[in-house]
Amino acid sequence: LSRPMLEARASCGRTRSQVHFQALLSADAAQLGCPATELVELPPSDGPRHAQPDDSGARRRLGEVVMILRRAPSTTQGGAWRVARLALLALIAYVLSVYIFVGLLYAAPSAQALIVCMQWVKHFLRADYALPASEMVLGARNVRLRSGDVVELGMWQILPTDAPEALTAGVGAAAGGEAAVKASELFDAALARAEDVILFLHGNGEHRAVQQGPIHARALSASLSAHVLIPDYRGFGDSSGWPTEAGLYEDAHAAWDWLAERGVPPSHVLIWGHSLGSAVAMQLAADLAERAAQDGSDGPLGLVLESAFTSLPELLPDYPLGRAICWLPGVRAAAQAALVFRMDSVAQLRRLVGSAPGLQVLLLHGAMDTTVPISHSRALLRAGRAAGAQRLELLELPQADHHTVLAHDAALLAVAQLLAGAHGELSGENAEGSTRGGHAASPRVSRSQRP
């Protein structure tokens with residue numbers, strides 16, 4: 001309530017009685033819930049300046065004011081109605097926008113990449129792709145490779161932190177010119193001798209220079225002493241092109257072929273996918289396992305799926321955006337049918353197990369993940385074991401969410417055990433002249449035998 005509207009100014013000045021009446025008036029007005037503009041000023045007294053006004057007259061005027069206040073309409077009901085009307089209009093606008101959004105999914109399928117891949121965030125998450133050290137990724141170089149006929153991808157190669165040439169090669173790569181040429185030779189030579197190479201395929205809404213890219217580069221090169229490759233899919237980072245499901249798979253194959261061209265045996269490469277990248281990694285591993293089964297070549301060392309999902313249509317109602325729209329009638333079925341990005345990891349896992357049932361597959365998932373619930377990794381575990389997977393495991397991390405899996409030692413320990421198991425198995429098979437997973441195993445030195 002406005003204090004000036006409560007004060008009764010009389011020519012004789014304020015008296016004790018007037019102060020008392022004003023307090024009563026304030027309390028009564030607050031109880032009635034009347035706005036300040038409906039309060040009435042007390043008229044000035046007609047008596048001399050220092051005369052004491054008649055108490056009964058003041059009380060009469062107070063009574064008149066109170067009657068006016070009680071006859072004034074309350075604004076409580078009017079305010080509540082206005083709020084309810086605005087809320088209803090907002091709900092109607094929201095519902096209409098959801099149905100229009102689903103219609104656009106059908107009308108412009110190629111634009112679904114803006115939602116599924118979110119590659120446009122690169123305009124807000126800017127980085128110096130040519131200088132990995134700017135993101136505290138040391139001993140690394142930036143490379144360019146071709147995917148298909150028209151797409152050019154950007155990729156980082158990170159040496160193990162304990163490699164003696166890591167810092168020298170990193171300095172040379174950043175210097176450019178003749179030093180960069182010599183550094184490239186160091187990188188290629190180190191890669192050809194690599195015992196463990198991890199091909200990391202990141203998720204949506206990021207690129208190799210932000211978020212999970214630098215985190216995995218630093219953790220895997222330091223904790224596992226592994227060479228790490230982080231390519232950007234088409235449309236991500238500084239890679240050209242527009243992302244499609246088939247295009248993402250083609251880009252992963254381009255990175256794999258880049259390793260093969262530099263003499264890296266397939267059995268030395270661990271494929272690792274995070275979130276969206278888990279579906280790309282699953283597809284790549286299934287393709288390689290089928291090819292190895294057909295021509296008798298070596299398959300990959302293993303597969304790590306971090307925060308994986310069963311398929312995009314099944315993930316839709318569990319994803320934050322999907323939860324906001326799928327409660328409306330018909331939206332869930334219509335949106336699932338409209339998706340051109342299917343990424344059916346369950347089907348690819350069955351295909352992988354059918355070709356290489358003994359391949360090591362490790363699922364890592366945080367129990368606090370609200371982006372991709374852990375139920376998806378559990379469903380993949382059930383599907384893989386039902387298909388006959390012999391070495392499929394799930395590590396649940398109770399305190400991890402979608403982006404903090406590597407913040408727990410248990411995750412890296414599980415991957416280290418996977419690598420150690422592969423080394424021990426291959427060492428034994430080489431001594432006996434046997435094969436791993438039905439395919440010929442290439443000679444390699446176990447971790448305990450490394451100088």
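Predicted model: local features only at pLDDT ≥ 70, side-chain atom pairs only at ≥ 80, totals over all residues.
Reader: What does the secondary structure of the protein chain come to, and how much of the chain counts as buried?

Author: The chain comprises 16 helices and 10 strands. Of its 451 residues, 49% count as buried. Among contacts with a separation of 6 or more, 75% join residues 24 or more positions apart.

Reader: Why is Asp232 called buried?

Author: The limit for a buried residue is under 20% relative accessible area. Asp232 has a relative accessibility of 1%, and therefore counts as buried. This residue lies in the loop between β4 (227-231) and α9 (245-261). Leaving aside neighbours within four places in sequence, Asp232 is in contact with Tyr129, Leu153, Gly154, His202, His207, Arg208, Gly237, Asp238 and Ser239.

Reader: What makes the pairing of Asp232 and His202 a polar contact?

Author: A polar contact requires a pair of N or O atoms within 3.5 Å, one able to donate a hydrogen and the other to accept it. The side chains of Asp232 and His202 are joined by such a contact, at 2.7 Å.

Reader: Is His408 buried, exposed or partly exposed, and how do you know?

Author: Partly exposed residues fall between the buried limit of 20% and the exposed limit of 50%. His408 has a relative accessible area of 23%, and is therefore partly exposed. Its place is in the loop between β8 (392-397) and α16 (409-432). A polar atom of the His408 side chain lies 3.0 Å from the backbone oxygen of Thr404. Not counting residues up to four places away in sequence, His408 touches Leu397, Gln399 and Ala400.

Reader: What makes α10 roughly parallel to α14?

Author: The axes of α10 and α14 cross at roughly 25 degrees and come within 8 Å. The limit for this class is under 35 degrees, so α10 is roughly parallel to α14. Here the crossing is left-handed. Residues of α10 at this meeting include Ala279, Met282 and Gln283, while those of α14 include Ser345, Gln348 and Leu352.

Reader: Which residues of α14 are buried, and what caps the N-terminal end of this helix?

Author: In α14 (residues 345-355), Ser345, Val346, Gln348, Leu349, Leu352, Val353 and Ser355 are buried. Asp344 caps the N-terminal end, with a side-chain oxygen 3.3 Å from the backbone nitrogen of Val346.

Reader: How many residues has the largest nonpolar core, and which have the most contacts inside it?

Author: The largest nonpolar core has 61 residues, and Ile271, Leu303, Met343 and Leu352 have the most contacts inside it. Helix α10 (residues 276-295) supplies the largest share, 10 residues. Apart from this core lies another, of 32 residues, including Leu220, Leu224, Leu270 and Val405. In soluble globular proteins, nonpolar side chains tend to be buried together.

Reader: With which residues is Met343 in contact, leaving aside its neighbours within four places in sequence?

Author: Met343 is in contact with Glu245, Leu248, Tyr249, Leu276, Ala279, Val280, Phe309, Thr310, Ser311 and Leu312.

Technical notes
Residues numbered from 1 in each chain as written. Heavy atoms only, no water. Core = buried A, V, L, I, M, F, W, Y, C linked by side-chain atoms within 4.5 Å. Buried < 20%, exposed > 50% of the residue type's maximum accessible area, 1.4 Å probe, protein only. Helix = DSSP H or I, 4+ residues; strand = E, 2+ residues; numbered from the N terminus. Contact = heavy atoms within 4.5 Å. Axes fitted to C-alpha atoms, helices over the stretch in contact; angles between N-to-C directions. Parallel < 35°, antiparallel > 145°, perpendicular 65-115°, else oblique. Left-handed = near helix turned anticlockwise from the far one by under 90°.
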